[in-house]
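Have your viewer open and a selection tool ready.

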Amino acid sequence: MRHKVSIIGGAGNVGASAALEIARRDIADVVMLDLEVVRDKAMGRAHDTSHAGSILGYHTMLLGTSDYEDISGSEVVIVTAGIPRKPGMTRDDLLKVNSGIIAEVGRKIAKHAPESVVLVVTNPLDSMVYAMIRATGFERERVFGMSGELDSARFRDFISRKLNVSRKDIDVTILGGHGDKMVPVPEACSVRGINLSSLIPKKDLDECIRRTVTAGGDVTKLMGTSAYVAPGIAIAEMVVSILLNQRRVFSASTLLNGSEEGYGNVKDVCIGVPVVIGKDGIERILPIRMEKDTFKKYMESVRKEMANIGKLGL
Ligand code: NAI
């Protein structure tokens with residue numbers, strides 16, 4: 001039997017890009033669900049991606065829909081539903097609107113795909129993961145966010161350009177909040193095991209970090225819409241690790257409950273940490289050694305935002 005993956009927000013850019021990347025792997029059928037008002041767009045995207053299968057040779061079945069009955073039996077549900085930040089909107093405004101959307105979507109996932117693993121993509125990411133855990137009532141292992149995989153890809157790209165070595169041989173760890181709240185950990189970065197700080201001058205490394213932090217915003221400014229190619233691929237990598245039980249290590253936004261080794265008894269906060277992802281979601285949170293200052297910066301990055309979600313009473 002083929003696997004089944006659903007994408008809520010499937011008519012949007014990131015949803016459609018993730019659908020194509022999953023389709024190309026030829027391991028799961030894909031449901032692209034969106035609001036009734038854009039159901040035709042979801043159907044069009046599904047047809048378009050299906051036609052590409054004739055050229056690329058994949059067998060993935062794709063369905064565009066607005067009916068939640070169609071997601072039943074999904075092993076993974078990806079959530080990209082939300083609105084982008086509009087001119088004049090504060091971060092808090094965005095938080096309010098998108099957490100309302102996540103609450104509604106989460107309740108429907110719990111009803112129609114109660115056994116699924118939920119991968120949250122909507123921004124502001126860490127708070128949306130927190131809201132999704134509350135809305136679905138699922139255990140924390142089954143609800144987490146795509147953050148570090150994309151941030152790491154960007155960091156590796158900038159380091160590769162500085163060092164003139166293949167992106168493939170660069171290994172990095174990024175923790176903390178998604179976007180401008182991320183914290184790269186240079187101690188845990190290497191080129192094929194050779195510590196990064198012995199290969200790159202501090203000022204160049206700092207520049208790579210700075211560019212990684214602003215990369216999402218920079219792309220949005222240039223394209224007039226947020227990135228979707230690299231995000232779609234990052235999502236597909238995580239989905240494959242779940243479906244094939246690969247137990248790959250990703251930095252993902254997850255709920256800390258105070259019992260994890262190495263994270264200073266921090267609890268009730270969703271934040272990016274290295275995790276092992278298999279068929280039931282997060283199998284393990286890996287401890288990481290870092291400078292005290294890095295840790296402090298890393299924790300402070302998301303605490304405030306999470307407190308705001310609590311206040312919304314979703
Ligand atoms: P988009 O605007 O193209 O797509 C969003 C889709 O969500 C739209 O099709 C919209 O109709 C749908 N939607 C809105 N409310 C809904 C609801 N109640 N139920 C079902 N669908 C609903 O936006 P895009 O570019 O695809 O981005 C999606 C989200 O992903 C944004 O929040 C964006 O900031 C975030 N993002 C996160 C990344 C990450 O690394 N975590 C990377 C890139 C984007």
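## Stop one: an arginine in a loop

Select Arg 142 and show its surroundings: leaving out residues up to four places away in sequence, Arg 142 touches Pro 114, Glu 115, Ser 116, Val 117, Val 118 and Asp 280. Keep in mind as you look that this is a predicted model. Arg 142 sits in the loop between helix 4 (125-136) and strand 6 (143-146). Is this arginine buried or exposed? Arg 142 has 13% relative accessibility, and because the cut-off for buried is under 20%, Arg 142 counts as buried.

## Stop two: a threonine in a strand

Next, move to strand 3 (residues 62-65), where you will find Thr 65. With a relative accessible area of 6%, Thr 65 is buried too. Which backbone atom does its side chain reach? Select Asp 67: the side chain of Thr 65 comes to the backbone nitrogen of that residue at 2.9 Å. To see what else surrounds Thr 65, set aside its neighbours within four places in sequence and display Val 31, Met 32, Leu 33, Asp 34, Arg 39, Ala 42 and Asp 70, which are in contact with Thr 65.

## Stop three: helix 1 against helix 2

Switch to a cartoon view and select helix 1 together with helix 2 (residues 39-56); their axes come within 10 Å and cross at roughly 30 degrees. Angles under 35 degrees count as roughly parallel, so that is how helix 1 and helix 2 run. Their crossing is right-handed. Show side chains for Asn 13, Ala 16, Ala 19, Leu 20, Ala 23 and Arg 24 in helix 1, which meet Arg 45, Thr 49 and Leu 56 in helix 2. Coloured by class, this contact has 5 nonpolar, 2 polar and 2 charged residues.

## Stop four: helix 1 against helix 7

Keep helix 1 (residues 13-25) and bring in helix 7 (residues 229-243): here the axes come within 8 Å and cross at roughly 50 degrees. Helix 1 and helix 7 are therefore oblique to each other. Helix 1 passes helix 7 in a right-handed crossing. By class, the contact between helix 1 and helix 7 has 10 nonpolar, 2 polar and 3 charged residues.

How values were computed. Residues are numbered from 1 along each chain as its sequence is written. This is a predicted model: local features need pLDDT of at least 70, side-chain atom pairs count only at pLDDT 80 or more; totals for chains, interfaces and linings use all residues. Side-chain values use heavy atoms; hydrogens and water are left out. Axes are lines fitted to C-alpha atoms, for helices over the stretch in contact, and angles run from 0 to 180 degrees between N-to-C directions. Helices (H or I, at least four residues) and strands (E, at least two) are DSSP runs, numbered from the N terminus. Angles under 35 degrees count as roughly parallel, over 145 as roughly antiparallel, 65 to 115 as roughly perpendicular and the rest as oblique. A crossing is left-handed if the near helix is turned anticlockwise from the far one by less than a right angle, and right-handed if clockwise. Ala, Val, Leu, Ile, Met, Phe, Trp, Tyr, Cys and Pro count as nonpolar, Asp, Glu, Lys and Arg as charged, and the others, Gly among them, as polar. Buried means under 20% relative accessible area, exposed over 50%, partly exposed in between (1.4 Å probe, protein chains only). A polar contact is a pair of N or O atoms within 3.5 Å; within protein, one must be able to donate a hydrogen and the other to accept it, and residues adjacent in sequence count only if both atoms are side-chain atoms. Contact means heavy atoms within 4.5 Å.
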